[in-house]
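Please keep the sequence and the structure in view while reading.

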Amino acid sequence: MKRYKLILAYNGTNYIGWQKQREVSGAKRSIQSVLTNAFYKAFDFKSVQLSGSSRTDSGVHAMQYVAHVDLEKKEQKDNVPYNASLLMKSVNSTLMKDNEDILITNAEMVPFSFHSRYSATYRRYVYRIISDPELGFNNIWEKNFAWTQESILNLSLMQQGCKLFEGTHNFSNFCRSISRHRDPIRTINFMKAYEVPPPFYSLNRKNTQYIHVEVQGPTFLHSQVRKMVHLIKRIGEGKLLVDDVEKLLTTTDYHTAGYAAPASGLYLMEVGYENQKIDTENNNAPLSNNESSNKAEDNNLIDKILPFSIKEKT
């Protein structure tokens, strides 16, 4: 058995999220189950054990999701590992033939000490908001890739609210549910809101705002990022005060943070590790023969599954 680190990009619109669940005929499938099946189809393995770095919700997208997969061949005597480049290209070919919105952008063999979830030191997300007073919720180009709405937002107030989230706080008011066994204390490395240029396919209306809310932290509670963004957006609308952030972070019985922002606007942009370059010296080294060209080739394919605009800041 060998372990491989995978970097994935996916359009989460047609999936129930990352984690494999009991699937019902005709219902949305999980990223985990679709990718596992693609490995079996491509190579007919004896065992495919796939683990992810984060449990993204239904409709959430990813630019650099990290997973690892343990692969076992049917012939035990054949202990020669698969070339990582071959794995990536073969599984991607299977995914494309099946018309899936998932892409492996990089693969490398790693030691079993590497774990995509437990070895991670941070996750970075970007949330896209588009404010268009004329088109509003009827923005057919962006409805699956951003939170489209009508109100012009006060970016300065949103930025002030973001700053209050930074640091270590009790986020009980910013999650869907807290188990008595789950610690609600989380740390936000940074959170910021900024405007970005319109994508090439936009109608370039004068008053339209394209806003990114970016946040990074070691770990997050269920729906935490989307609830934080919802609150920041309401501050930008003038429906809440900047001080409400501090009240929600210091008083667990104040009131809940309300709804979560729609999943369609959220992107997992990066998962970080203490040693970004995994040491594979004792594990036959990285097996990609032409890593830079493979990355370039597959990154071009991302354009087929995700909008161009999310990459303008990255």
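## Terms and basis

A residue is called buried under 20% relative accessible area, exposed over 50% and partly exposed in between, using a 1.4 Å probe and protein chains only. The model is predicted, so local features need pLDDT of at least 70 and side-chain atom pairs count only at pLDDT 80 or more, while totals for chains, interfaces and linings use all residues. Residues are numbered from 1 along each chain as its sequence is written, and side-chain values use heavy atoms, with hydrogens and water left out.

## Salt bridges

The structure holds 11 salt bridges, each being a side-chain nitrogen of Lys or Arg within 4 Å of a carboxyl oxygen of Asp or Glu. One of them pairs Lys 233 with Glu 237 (2.9 Å, N to O); both residues lie in helix H4 (residues 224-237), four residues apart, or about one turn of the helix, and Lys 233 is buried at 9% relative accessible area.

Arg 124 and Glu 270 also form a salt bridge (3.0 Å, N to O), which links strand S5 (residues 120-131) to strand S11 (residues 266-273) across 146 residues. Arg 124 is buried, with a relative accessible area of 14%. In the pair Lys 163 and Glu 166 (3.7 Å, N to O), Lys 163 is exposed at 54%, whereas Glu 166 is partly exposed at 23%.

## Helix packing

The axes of helix H3 (residues 155-165) and helix H5 (residues 243-250), fitted to C-alpha atoms over the stretch in contact, with angles from 0 to 180 degrees between N-to-C directions, come within 8 Å and cross at roughly 20 degrees.

Note on methods
Helix = DSSP H or I, 4+ residues; strand = E, 2+ residues; numbered from the N terminus.
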